[in-house]
Amino acid sequence: MLSRAAHRGLFTDSLPLAEKRHAVRLTLLRYFFSGEPPLPTLSPDTCTFLLKQCETVKALKCVHAAMFRSHIHLNLFFSTTLLTQYASLGSLSYAYAVFSGAQTSDVFLWNVMIRAFAENGQCEQALELYRRMFELDVTPDNFTFNFVLKASASLQDIEQGKRIHADAKVFGCELDVFVGNSLISMYGKCGLPDVSRQVFDKMFDKNVVSWSSMIGAYAQNCCFDDGLSLFRRMLEERVSPNRVTVLNLVPCISERNDADELQRVIMEHGLQSDIRVQNAVVGMYARCGKIDIAQEIFRRIKDKDLVTWSSMIEALVQADLPMEALDLFKEMKSNNLHPDYVSILSVIGACSKLASLMQARVLHGVAVQRSFQQELIVQTALVDLYVKCGSLEYARMVFDQMQDKNLISWSTIISGYGMHGRGKEALELFNQMKNSMKPDHIIFVSVLSACSHAGLIEEGWNCFNSMLTDFGVTPRTEHYACFVDLLGRAGKKQKADQVRALMRRRGVKKTAGHTVIEVKNKLYKFHVGDRSNPETKLIYEELERLIQRIREAGYVPNTNFVLHDVEEEAKEKMLYVHSEKLAIVFGLINSSPGTVIRITKNLRVCEDCHSAIKYISKVTGREIVMRDAHRFHHFEGGSCSCGDYW
């Protein structure tokens, strides 16, 4: 413990700097735990030193008290330093107390307090303080506008942002490069990239942040071509991109050539060793469908962090390589990297596709071990996982253990019971849920789907009628689709017609079905009866031959769900040209034997197409993977992974 002389010397600059550093912690501990009187007066130099050494609010309060004794707190510089230190330690209440006590019109201190609020997520308070500046005749400067525009952007408060923009014009700060950059970002985050571009084009002095912010505004609003075009112009004007530029641009890239171009730029500007850039590049190539390149880059990264591993795992999941994703997860753990809940969620997605109950239980154990089992999003994902692995027992166990449930949690378990044909239990859960929260349109989709799977016509009808009358939820296309499906399953065609008539009277339009297939790195979309493809003649010729082959193998067209009043032969022809069949034939023509055909349907696959695709997989010897609006279907050798129940 320090002597009294040394204790006094600490605050009078008589100790050498090295001894001071060693003594600070002991002195602060002595002050708090030995019951000694408050610290003596401070010299300015010692005050500066102590403020920088404080790592806890408790220690900072100690120095704050000593500043009062020395009246140093009246000095604007020390008040600002004290306020900044409180804010950096997360104590905004004490920071605001220092600010209020200063009672100054100096804009610098106001900026520090506004910035502290904005950077600590208290954006409303930052904007309120900004409004008070005008009441007290404190003139804002370019830094003020920079901070409050960022607060408006965080809140996505476009009206407030526009008012601040107008104020910036009045005070002559609109063309300041920092204010301009913040305006670009604010309008982008509020969904107005065109206004961001207007600000950008008016700026005289653009820096790399200006270009990066504008590219980010385009990326955030899915204006990907515009973002890529601006990046190329940036290079033409010899503005060197930085890490933020690359990170903002990556979402704009979906083609291999563009990805290669960006990779060259990264190398030319020496950004290839930046771990965040490397992680983004991995995801970029995966999104371009080049999972092999993504894996190659991933393997070359020397110091992989958790984000690196999580990005690669998620990329494998998105590429429908769940086994590889699980293997990589195991490798990550063997490298002594502990998963966070983001990586856990990615692996849960992989396991869901495999429908492996054993793997599900292993992942559940990892979540418990890492204390993620109390995270609502993880719990809900586990419920969904167990449902897709065929275990309602475990799904219900996780659900019942959840302390907090939201509408997504309820929808997941209700939908799970419906998918397994246990409609009555799904309705019981729905009734339980109504006691604690108001259902939304997603919940009603789950309930109506459950009624459809279980053939509960009366219950489904009552649920459908209660949407608007009891809960104020206007039926959407998906609700009508569920109800039509329910009536169709029950053979109530005259009723599958009354509902359609009701939809027409209410102006509800059925979503047009389409199927997408990727062939040679290019996406092709087909609608029912589509004849827009350049290979249409060849597609229909091959389709006719394929239909004949599967009919000889036992396929019988199911015309029960063709609701048009036409002859049976015409109904069959209408079934033959469904978008799924056209896409599959196109894939067969344009791919090598043995290649897996992968298609995506935006609606639920119809019963006839499901039957036909099983036979197609049998007669062609091809594996066909379909993702529809409900689930994945893996067709192989004449059977489907769903077991004909979807």
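Arg238 counts as exposed, at 78% relative accessibility (exposed means over 50% relative accessible area, buried under 20%, and partly exposed in between, with a 1.4 Å probe and protein chains only). The model is predicted: local features need pLDDT of at least 70, side-chain atom pairs count only at pLDDT 80 or more, and totals for chains, interfaces and linings use all residues. Residues are numbered from 1 along each chain as its sequence is written, and side-chain values use heavy atoms, with hydrogens and water left out.

Arg238 sits in the loop between α14 and α15 (243–249). Helices (H or I, at least four residues) and strands (E, at least two) are DSSP runs, numbered from the N terminus. The phi of Arg238 is near 60°, a positive value in a residue other than glycine. Cys222 also has a positive phi, of about 60°, and is not a glycine. Its place is the loop between α13 and α14 (224–236). Cys222 counts as exposed because its relative accessibility is 56%.

Residues 106–140 are 74% helix and 0% strand. The end C-alpha atoms of that span lie 10 Å apart. Residues 305–339 are also 74% helix and 0% strand. Here the end C-alpha atoms lie 11 Å apart.

Helix packing comes next. Two packed helices are described by the angle between their axes and the distance between the axes. Axes are lines fitted to C-alpha atoms, for helices over the stretch in contact, and angles run from 0 to 180 degrees between N-to-C directions. The axes of α11 (residues 177–189) and α13 (residues 208–220) come within 8 Å and cross at roughly 5°. Therefore α11 is roughly parallel to α13. Angles under 35 degrees count as roughly parallel, over 145 as roughly antiparallel, 65 to 115 as roughly perpendicular and the rest as oblique. From α11, the contact involves Val177, Asn181, Ile184, Gly188 and Lys189. From α13, Val209, Ser210, Ser213, Met214, Ala217 and Gln220 take part. Contact means heavy atoms within 4.5 Å. By class, the contact of α11 with α13 has 5 nonpolar, 5 polar and 1 charged residues. Ala, Val, Leu, Ile, Met, Phe, Trp, Tyr, Cys and Pro count as nonpolar, Asp, Glu, Lys and Arg as charged, and the others, Gly among them, as polar.

The axes of α21 (residues 341–354) and α22 (residues 357–369) come within 10 Å and cross at roughly 170°. The pair is therefore roughly antiparallel. Ile344, Val347, Ile348 and Cys351 in α21 meet Gln359, Ala360, Leu363 and Val366 in α22. This contact has 7 nonpolar, 1 polar and no charged residues.

The largest nonpolar core has 140 residues. A nonpolar core is a set of buried Ala, Val, Leu, Ile, Met, Phe, Trp, Tyr and Cys residues joined through side-chain atoms within 4.5 Å. Leu262 and Met312 have the most contacts inside the largest core. Helix α7 (residues 107–119) gives the most to this core, with 8 residues. Leu262 touches Phe231, Val246, Leu249, Val250, Ile253 and Met284, not counting residues up to four places away in sequence. A second, separate core has 30 residues, including Ile539, Ile547, Tyr576 and Phe635.

Helix α34 (residues 607–620) holds Lys614. Lys614 counts as buried, at 15% relative accessibility. Neighbours within four places in sequence aside, Lys614 is in contact with Phe635, Gly638, Ser639, Cys640 and Asp644. Ser617 lies in α34. At 1% relative accessibility, Ser617 counts as buried. With neighbours within four places in sequence again left aside, the contacts of Ser617 are Arg622, Ile624, Phe635, Glu636, Gly637, Gly638 and Ser639. Arg604 lies in the loop between β3 (597–601) and α34. Arg604 is partly exposed, with a relative accessible area of 24%. Its C-alpha atom is 8.9 Å from that of Gly513, 91 residues apart along the chain.

Ile158 is found in helix α10 (residues 158–170). Ile158 and Cys190 are 32 residues apart in sequence and 6.0 Å apart in space, C-alpha to C-alpha. Leaving aside neighbours within four places in sequence, Ile158 is in contact with Met186, Tyr187, Cys190 and Leu192.
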